[in-house]
Amino acid sequence: DSLDRVRFGLNFPNFGLYAEPGLLVDLAVAAEEAGWDGFFVWDHIVVDDGMPVADPWVMLGAIGQATSRVHIGPMVAALPRHRPWEVARRAVTLDRLTEGRMILGVGIGYWPEVEFGTFGDPTDARERADMLDEALAIIQAVWSGEAVDFEGEHYTVTENRFAPRPLGKIPIWVAGMLPNLRPLRRAARFDGVVPMRSDEQPLDPSDVAMIAGYVKIHRQGDEAYDVVIG
């Protein structure tokens with residue numbers, strides 16, 4: 001509702017030219033010095049045959065250590081091809097390294113035939129969406145510091161208590177591909193939505209208004225909520 005709630009961030013691929021970790025660290029430092037509010041990296045593992053790709057989590061650790069103010073995180077992590085408890089651990093480590101500047105962006109993953117199919121992982125969108133829901137439930141549970149005992153269709157956690165806990169609340173931003181509305185309902189349960197269009201065209205103001213209105217209908221409570229537009 002007011003301009004002081006608008007923040008601006010940069011979002012870089014982790015492949016091609018930007019697979020060089022030192023370059024991304026230098027860009028993050030320059031972005032912080034120039035006044036940007038966030039610096040985020042993509043999460044891909046295979047793009048084209050032979051194209052250089054860097055690990056986003058390692059890069060985020062280096063970026064977090066080299067900066068002191070910008071928020072950082074994956075934009076977005078393809079959660080169904082990660083083990084959720086490992087993502088939970090990485091996110092807490094980055095949260096504590098950066099003294100609370102970590103934001104966890106998640107989605108079902110894009111380019112499924114390449115990113116998932118190359119390694120025999122599920123490519124079906126509904127299956128990956130179900131995996132995402134289970135993974136998010138596990139991540140939130142282990143972050144609580146309470147004993148977790150989880151039995152799902154895709155993941156199992158035998159009673160275990162994770163430590164340390166996050167310093168505070170690590171925001172979770174959930175990606176979704178329009179015109180599918182199920183991801184928006186999922187995102188409404190968390191702290192932000194990262195919408196995209198299936199035709200890969202930029203969102204226009206009417207898209208943003210629809211997304212914000214739809215999420216608001218499905219939100220519980222009146223806590224601050226982020227709509228992340230690229």
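## Aromatic contacts in a predicted model

Arg 89 lies over the face of Phe 162, at 4.4 Å from the ring centre. The charged end of Arg 128 is likewise placed over a ring, that of Phe 116, 5.2 Å from its centre. A charge sits over a ring if NZ of Lys or CZ of Arg is within 6 Å of the ring centre and within 35 degrees of the ring normal.

This is a predicted model, in which local features need pLDDT of at least 70 and side-chain atom pairs count only at pLDDT 80 or more, while totals for chains, interfaces and linings use all residues. Residues are numbered from 1 along each chain as its sequence is written, and side-chain values use heavy atoms, without hydrogens and water.

The whole structure holds 7 aromatic pairs (rings of Phe, Tyr and Trp, the last by its six-membered ring, with centres within 6.5 Å; planes under 30 degrees apart are stacked, over 60 edge-to-face, the rest tilted). Two of the pairs are tabulated here.

| Pair | Centre distance | Plane angle | Class |
|---|---|---|---|
| Phe 40 and Trp 173 | 5.7 Å | 45° | tilted |
| Trp 85 and Tyr 155 | 5.9 Å | 90° | edge-to-face |

Phe 40 belongs to strand β2 (residues 38–41) and Trp 173 to strand β8 (residues 172–178), so their pair ties together parts 133 residues apart in sequence. Helices (H or I, at least four residues) and strands (E, at least two) are DSSP runs, numbered from the N terminus. Phe 40 is buried at 7% relative accessibility, and Trp 173 is buried at 6% (buried is under 20% relative accessible area, exposed over 50%, partly exposed in between; 1.4 Å probe, protein chains only).

Trp 85 in helix α3 (residues 84–97) is paired with Tyr 155, which lies in the loop between β6 (148–151) and β7 (156–160), 70 residues apart. Trp 85 is partly exposed at 23%, whereas Tyr 155 is buried at 9%.

Phe 15, Trp 42, Tyr 110 and Trp 111 form one aromatic cluster.
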